[in-house]
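Reader: Got a structure to go through. Can you walk me through the contacts and packing?
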Amino acid sequence: MSSRDQFSSRSLILAIYLPTFLLAFGHGVVNPTLSLYIKSFDLSYSMTMFVIATAVLGNIPAGLLLGRIGYKRSMVLGTVILSVSSIGIGLATTIYHLVFLQLFSGIGSALWALSRHAFMTERIPITSRGRSLAIFGGINRIASFLGQIVVIFLGENLRLPFFVYAATAICTGTICYIFVEDYFTGSVTIDSSSQSLKNIWGNQWNLIKTNFIILITAGFAQVCIQTIRRGRTLLVPLFANDIVGLAPKLVRQVVAVSSAVDMLMFPVAGALMDKYGRKSSMIPGFSIFATGILAMAFTQNFWPLLLSTIFMGIGNGLCSGTMMTLGADLAPAENVNGFLSWWRVTGDIGANIGPLLVGGLADLWHLRTSIIFLSVIGYLAVLIFWRLVPETLPRHSDDRL
């Protein structure tokens, strides 16, 4: 291994994996009861999901900023925004505060996520990309699991987790400031002849036209996948609390056990993606995931609920890093940042707007009905990946950085 490769490996740990661990830990503290906290403002299921969904609007401005200020500034700025917005959410007193702070948080989250994804896309060869991004997904899952364990001991206070998240965001930003060097700032994809707002949006429109087919097919499949992933995160606590009747402490235990199973699967996901292709992980994994969601709709007490969420963990864990890997594979070399910003938009549409639709179904009919609908979305994604999305791992590819 050359000194450059060794340096790149160390840089991945210090600039990407370690900060990712810290922020995912904080997110794991918040996630199990985020929907319960927002719903505690006397909101319906639909309004709860609407407040959460406002974060999706941060992706496009984040994508434009990333192309101008580079990776390091994007990482640091993103964590600053996340820390401030998390403190604000923990202190919020009205729904208006929550909506504004969720939007602000979305910009920070998008800056953080896009800068990491774009850096790894440019620096990691396609033949080892699946393993690297599966490890990335595994680190997210391990850290999130540890956060979910910690939050069990925080009692019934639904505000306290946000202050923990803010603290981890501050630590993450500090590490990025110290260890992410100038050569990680990334290339600016907008040249001096395209600085006007008209030309910026013109470039975005050209990017969409050039990649329209893949954004419609693979992008829509990702909408479905992130819908069921986010739906699992938000609806499992609501279902466990409102339908099964579990207290918040037991809800957190269910989420933690499912996450423990989830995080154990990432080595399998990475090996499958790089050896047999991306679909070898996605299709069986998401099929199992959707089946676990469907099974949950028919549970009525703790143990069947726990079993169905474990099944979800197996399926989702088997797909660790798949959406990031697919997006990286599909990104055109001449505009990685721009493509990945739109790729993230498709994911966040599913992660935010999808659960909003599911919340509407829960208000109109029943939470069980919305969960069945969620499983159907998962099976639809499997069908699209199987029939319409090409395999992106080439049989023979140059192993180069």
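Predicted model: local features only at pLDDT ≥ 70, side-chain atom pairs only at ≥ 80, totals over all residues.

Reader: Fine. What is Asp-329 in contact with, leaving aside its neighbours within four places in sequence?
Author: Ile-126, Arg-129, Arg-278 and Thr-392.

Reader: Which side chains make a polar contact with the side chain of Asp-329?
Author: Arg-129 does, at 2.8 Å. Arg-278 does too, at 2.7 Å.

Reader: Where does Asp-329 sit?
Author: In helix α14, which covers residues 322-330.

Reader: Is Asp-329 buried or exposed?
Author: Buried. Its relative accessibility is 15%, and the cut-off for buried is under 20%.

Reader: Switching to cysteines. How many disulfides are in the whole structure?
Author: The search finds 0.

Reader: And Cys-176, buried or exposed?
Author: Cys-176 counts as buried, because its relative accessibility is 0%. Cys-319 is also buried, again at 0%.

Reader: Now helices. At what angle do α9 and α12 pack?
Author: About 30°, with the axes 11 Å apart. Helix α9 is residues 212-243 and helix α12 is residues 279-296.

Reader: What do you call that arrangement of α9 and α12?
Author: Roughly parallel. Angles under 35 degrees get that label. The crossing of α9 past α12 is left-handed.

Reader: Which residues make the contact?
Author: From α9, Ile-225, Ile-228, Arg-229, Arg-232, Val-236 and Phe-239. From α12, Phe-286, Phe-289, Ile-293 and Met-296.

Reader: Why that kind of spacing along a helix?
Author: An α-helix has 3.6 residues a turn, so residues three or four places apart point the same way.

Reader: OK, α11. Which of its residues are buried?
Author: Phe-266, Ala-269, Gly-270, Leu-272, Met-273 and Asp-274. The helix itself runs over residues 266-276.

Reader: What do the buried residues of α11 pack against?
Author: Five partners to list: α6, α10, α12, α13 and α14.

Reader: What follows α11?
Author: Gly-277. Its phi is positive, near 110°.

Reader: Zoom out. How many helices and strands does the chain have?
Author: 16 helices and 0 strands.

Reader: What share of the chain is buried?
Author: 59% of the 401 residues.

Reader: And what share of the contacts with a separation of 6 or more comes from residues 24 or more positions apart?
Author: 87% of them.

Definitions and conventions: Residues numbered from 1 in each chain as written. Heavy atoms only, no water. Helix = DSSP H or I, 4+ residues; strand = E, 2+ residues; numbered from the N terminus. Buried < 20%, exposed > 50% of the residue type's maximum accessible area, 1.4 Å probe, protein only. Polar contact = N/O pair within 3.5 Å; in protein donor to acceptor, adjacent residues only side chain to side chain. Contact = heavy atoms within 4.5 Å. Disulfide = S-S within 2.5 Å. Axes fitted to C-alpha atoms, helices over the stretch in contact; angles between N-to-C directions. Parallel < 35°, antiparallel > 145°, perpendicular 65-115°, else oblique. Left-handed = near helix turned anticlockwise from the far one by under 90°.
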